Amino acid sequence: MAKIKVGIIGCGTIANNAHIPAYLNNPEVEIKYFCDIIPEKAKAAVEKYKCGIAVTDYKEIIADPEVEAVPVCTPNKMHSIISCDCLMGGKHVLCEKPAAKNFEEALKMQEAQHKSGKVLNIGVVNRFNAAVNKI
């Protein structure tokens with residue numbers, strides 16, 4: 001069975017502490033790209049995790065037909081822009097919270113998801129927390 005190829009967009013704290021380790025521990029996933037506007041961060045991820053290609057423009061990931069999904073781990077102000085671009089480029093998206101800066105941006109994300117037919121998931125992990133659900 002072929003592995004699902006992903007491109008990590010944003011190589012900061014949340015990517016290194018949560019997303020990247022989770023993908024590396026999943027035998028069905030291969031990280032193909034590490035993308036960050038700071039080239040040293042993307043290169044450091046390639047060196048640290050011994051996989052992937054370092055890029056600074058997330059549109060390179062969108063252009064690669066092998067990549068099926070992307071986690072968006074960038075600063076909050078870029079979440080909706082990058083997520084919409086990725087959805088419309090045919091990628092499934094896991095976007096870190098908050099999804100958007102405002103309601104209008106969130107609606108644009110929803111519209112892009114509906115138009116693309118791809119999965120858009122926002123990383124609100126507390127919805128899976130039994131204690132939070134009980135409250």
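User: Is Tyr49 buried or exposed?
Analyst: Buried means under 20% relative accessible area, exposed over 50%, and partly exposed in between, with a 1.4 Å probe and protein chains only. Tyr49 has 14% relative accessibility, so Tyr49 counts as buried. This is a predicted model, where local features need pLDDT of at least 70 and side-chain atom pairs count only at pLDDT 80 or more, while totals for chains, interfaces and linings use all residues. Residues are numbered from 1 along each chain as its sequence is written, and side-chain values use heavy atoms, without hydrogens and water.

User: How many aromatic pairs does the structure hold?
Analyst: A pair of aromatic rings is described by the distance of the centres and the angle of the planes. Rings of Phe, Tyr and Trp (its six-membered ring) pair if their centres lie within 6.5 Å; planes under 30 degrees apart count as stacked, over 60 as edge-to-face and the rest as tilted. The structure holds 1 aromatic pair. Phe34 and Tyr49 form a stacked pair, 5.9 Å centre to centre with 20° between the planes.

User: Which parts does the pair tie together?
Analyst: Helices (H or I, at least four residues) and strands (E, at least two) are DSSP runs, numbered from the N terminus. Phe34 is in strand 2 (residues 29–35) and Tyr49 in helix 2 (residues 39–49), so the pair ties together parts 15 residues apart in sequence. Phe34 is buried, at a relative accessible area of 0%.

User: Where is Lys5, and which residues does Lys5 touch?
Analyst: Lys5 is in strand 1 (residues 4–9) and counts as buried at 18% relative accessibility. Contact means heavy atoms within 4.5 Å. Leaving out residues up to four places away in sequence, Lys5 touches Glu30, Lys32, Glu66, Val67, Glu68 and Ala69.
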